[in-house]
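User: Hi! I'm new to this one. Could you walk me through a few spots in it?

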Amino acid sequence: MPLPFPAHNVSPVQIAAERLPKPRLPNEVFAPNTALRHARRLFEGHVVGSESVAIAPDGSLWMLDKWGYVWVATASGDDYSLDAQPLAYVGPGRPLGFHFTANGDLAICNSLSGLMLLERPAADSSKWRLRCLSNAAGGRPVSYANDLTIDSAGRIYFSDSSTIPPALNQAAPRPWYDTLRSFMLTLWHGGPTGRLLCYDPSTDATTVLADGLWYANGVALAADESFVAVVETCSMRVRRHWLKGPKAGSMDTLIDRLPGWPDNIVESSNGGFWLCLVLPDMPLVHKVLPQPWLRSLVAKLPERLLPPKPQWGCVLRLSAQGEVVQALTDPDGRHVSHISSVTEHADKLFIGNLAKDYVSVLDLRAVEEPH
């Protein structure tokens, strides 16, 4: 794809402690472990690039592949049977975050099209209906819808990652909208153009809660809905926008100085959060970012000329205050890697995967609890 910015338009990022610091977290929390190797791969070779897994009201698993097809698997105890054909198509574009609404519709962030809703069939039909809820806010289009969460009133909080939208990757055998490439271009450009948005179904309006985010990504609500957390991937931190109380309307940091690149954050059963680190920290980034001319050069290079991205699997369990209380890892990614999101349900962690051809399930009862 052509470079979306010339060298003289590269943002002059300062690599300061508050922007992209060296990772610093307690060593004991990240003691090497292989907890994620207990996970079981599901639908390997059949479901490619489903960023997440949603649990339907009937207990079935829903996945959206990188081409925009909806796959459903029926659960029977610990066994899951994948339907032979996809249920629906929600493209064009690549779907990323998705959750069921209270009435059983599926809210979807389609990176190309915006915030979408896949509505349940009417009583006299078997056809699911797709419609757009929001593709603009604050006088600007939603260029890169990424992740969402839904509050008790039905409001949908979602991220608009960047003004650099995903472009079609023509690689064989099937082209797809390459969201990872757009992330890397946003990183090299350095411009904090991401936003946190809120769609209110009662008014059909979308408001901008926060902007100036350097690649806005995962979104999750506090258990008491006092704040909404939004991942700022390129700054390797999670921001917190307060919705209630004396800090309402203000922004602060839930956690920073992470040892890897955070993707999605989701609510956990204990009132805290699960945070997925899709890639470990990459020293090359810290060397390249201070030099705008070098960032522009690296952005033009094809993927085959860049150093391979390291693989690992990493999911952090956070307290409600953003403290890391547990790390689940696969240190070299030999069994589970590129973890983009998780869904906790019935003592299991269902694991989405941005880059591989499977999703996974981990029985949390088989994982040692933190002391």
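This is a predicted model: local features need pLDDT of at least 70, side-chain atom pairs count only at pLDDT 80 or more; totals for chains, interfaces and linings use all residues.

Analyst: Happy to; we can go through a few residues and strands in turn.

User: Good to know. How many disulfides does the structure hold?

Analyst: Zero disulfides are found here.

User: Is Cys-109 buried or exposed?

Analyst: Cys-109 counts as buried because its relative accessibility is 0%. Cys-234 is also buried, with a relative accessibility of 0%.

User: Let's switch to strands. How many residues of β27 are buried?

Analyst: Five of the seven residues in β27, which spans 339–345, are buried, so the strand is mostly covered.

User: Which strand is β27 joined to by bridges?

Analyst: That would be β28, residues 348–353; the two strands run antiparallel and six bridges join them. One of the residues involved is Thr-343, whose bridge partner in β28 is Phe-350.

User: What sits between β27 and β28?

Analyst: Two residues, and the strands form a hairpin around them. Ala-346, in the turn, has a positive phi of about 50°.

User: New topic: where does Thr-329 lie?

Analyst: Thr-329 is in strand β26, which covers residues 324–330. Its relative accessible area is 10%, so Thr-329 is buried.

User: What does the side chain of Thr-329 reach?

Analyst: It reaches the backbone oxygen of Asn-33, at 2.6 Å. Beyond its neighbours within four places in sequence, Thr-329 is in contact with several residues, including Asn-33, Thr-34, Ala-35 and Leu-36, as well as Gly-313 and Cys-314.

User: Last one, Leu-306. Where is its place?

Analyst: Leu-306 is in the loop that runs between helix α3 (292–300) and strand β25 (313–318).

User: Buried or exposed, and why?

Analyst: Leu-306 counts as buried because its relative accessibility is 19%, and the cut-off for buried is under 20%.

User: Which residues does Leu-306 touch?

Analyst: Setting aside residues up to four places away in sequence, Leu-306 touches Val-298 and Leu-301. As for Leu-284, the C-alpha atoms of Leu-306 and Leu-284 are 10.0 Å apart in space, and the two residues are 22 residues apart in sequence.

Methods
Residues are numbered from 1 along each chain as its sequence is written. Side-chain values use heavy atoms; hydrogens and water are left out. Helices (H or I, at least four residues) and strands (E, at least two) are DSSP runs, numbered from the N terminus. Buried means under 20% relative accessible area, exposed over 50%, partly exposed in between (1.4 Å probe, protein chains only). Contact means heavy atoms within 4.5 Å. A disulfide is a pair of cysteine sulfur atoms within 2.5 Å. Two strands pair if DSSP finds at least two bridges between them. A polar contact is a pair of N or O atoms within 3.5 Å; within protein, one must be able to donate a hydrogen and the other to accept it, and residues adjacent in sequence count only if both atoms are side-chain atoms.
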